[in-house]
Amino acid sequence: GGILPLVELIKTRADSYENPTKALWHLATTEDNQTAIAKAGGTAPLVALLRSPNETTAQYAAAALRSLARDHPDNQIALAKAGAIAPLVDLLGVDLLETQQHAVGALLHLASQDISSRNAVVIKLVAVLDLRNAAAQMKAAEALAVLAARSEENRKAITAASAIEPLVRLLGDGRRVREETPQERAAAVLANLARSGDNKKAIVDKGAVGPLVAMLSSVSPEPQTHAAAALWHLVALGSNRPSITAAGAIEPLVRLLG
């Protein structure tokens, strides 16, 4: 019978909400508890605590929402309706890596079933790509990369949100790119978006070829992999081949064979 009083604790004015939010996070690992926490009215106060000035409280609230949304379509829809998406996206730019990871996980769960929630998540994530916050950009691109890899419908939604242009801007000049950077994550998203026929020309037209070719010479294998994958899909369109060849792609691609 602990769920109801824990939910009441996060509704009551207090100096700290760290312990009840952490308890609800760990309790929400079973389907019965996920449903019970929602029925007890835990959704709205947890969403409100995402904006807590206490970083640990915000982290545990994001973790609790991540657990509540995992494989639970009813909770996913309820959380989206309660306004969880915007504050979760805001948490992508905080200093604590654990908070960022819980926020990404929660957003990916919210975008997994309900189409309107998926579209809302995608639009918010694309908007983050142009922020002057490298951590937020990287996590937003990371989430988009996961969504783009999941399905063609997700790729269509990301394209419809006008993601290609900011993703190409995020590549920079493609030089000296290392793994776990916004540039590398952006290349991962573009590699998946390039699988769709209509995107092959659009990605080239937005200027992605030069940075992607430069990325083939990265010192890290992950950027090389994403760049090569993107170029592989892009050259499937015959009209793209001259510009990719002219950008000097052949020599670094041959080097990568070794």
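**View 1. Contact between helices α10 and α13 in the predicted model.** On the α10 side, Ala-134, Gln-137, Met-138, Ala-141, Glu-142, Leu-144, Ala-145, Ala-148 and Ala-149 meet Pro-182, Arg-185, Ala-186, Ala-188, Val-189, Asn-192 and Leu-193 of α13. Contact means heavy atoms within 4.5 Å. By class, this contact has 12 nonpolar, 2 polar and 2 charged residues; Ala, Val, Leu, Ile, Met, Phe, Trp, Tyr, Cys and Pro count as nonpolar, Asp, Glu, Lys and Arg as charged, and the others, Gly among them, as polar. The axes of α10 (residues 134-150) and α13 (residues 182-193) come within 8 Å and cross at roughly 20 degrees. Axes are lines fitted to C-alpha atoms, for helices over the stretch in contact, with angles from 0 to 180 degrees between N-to-C directions. The two helices are therefore roughly parallel to each other (angles under 35 degrees; over 145 is roughly antiparallel, 65 to 115 roughly perpendicular, the rest oblique).

**View 2. His-226 in helix α16.** Helix α16 spans residues 221-234; helices are DSSP runs (H or I, at least four residues) and strands are E runs of at least two, numbered from the N terminus. His-226 is buried, with a relative accessible area of 16% (buried is under 20%, exposed over 50%, partly exposed in between; 1.4 Å probe, protein chains only). Not counting residues up to four places away in sequence, His-226 touches Glu-184, Ala-187, Ala-188 and Ala-191. Ala-188 is also one of the α13 residues that meet α10.

**View 3. Leu-88 in the largest nonpolar core.** A nonpolar core is a set of buried Ala, Val, Leu, Ile, Met, Phe, Trp, Tyr and Cys residues joined through side-chain atoms within 4.5 Å. Of the 82 residues in this core, Leu-88, Leu-92, Leu-125 and Leu-212 touch the most other members. Its largest share, 9 residues, comes from helix α5 (residues 55-69). Leaving aside neighbours within four places in sequence, Leu-88 contacts Leu-50, Ala-62, Ala-103, Ala-106, Leu-107 and Leu-110.

**View 4. Positive phi at Asp-71 and Glu-180.** Asp-71, in the loop between α5 and α6 (73-81), has phi near 55 degrees. Asp-71 counts as exposed at 67% relative accessibility. Glu-180, in the loop between α12 (164-170) and α13, has a positive phi of about 60 degrees and is exposed, with a relative accessible area of 54%. Neither residue is a glycine.

**Notes for the views.** Residues are numbered from 1 along each chain as its sequence is written. In this predicted model, local features need pLDDT of at least 70, side-chain atom pairs count only at pLDDT 80 or more, and totals for chains, interfaces and linings use all residues, while side-chain values use heavy atoms, with hydrogens and water left out.
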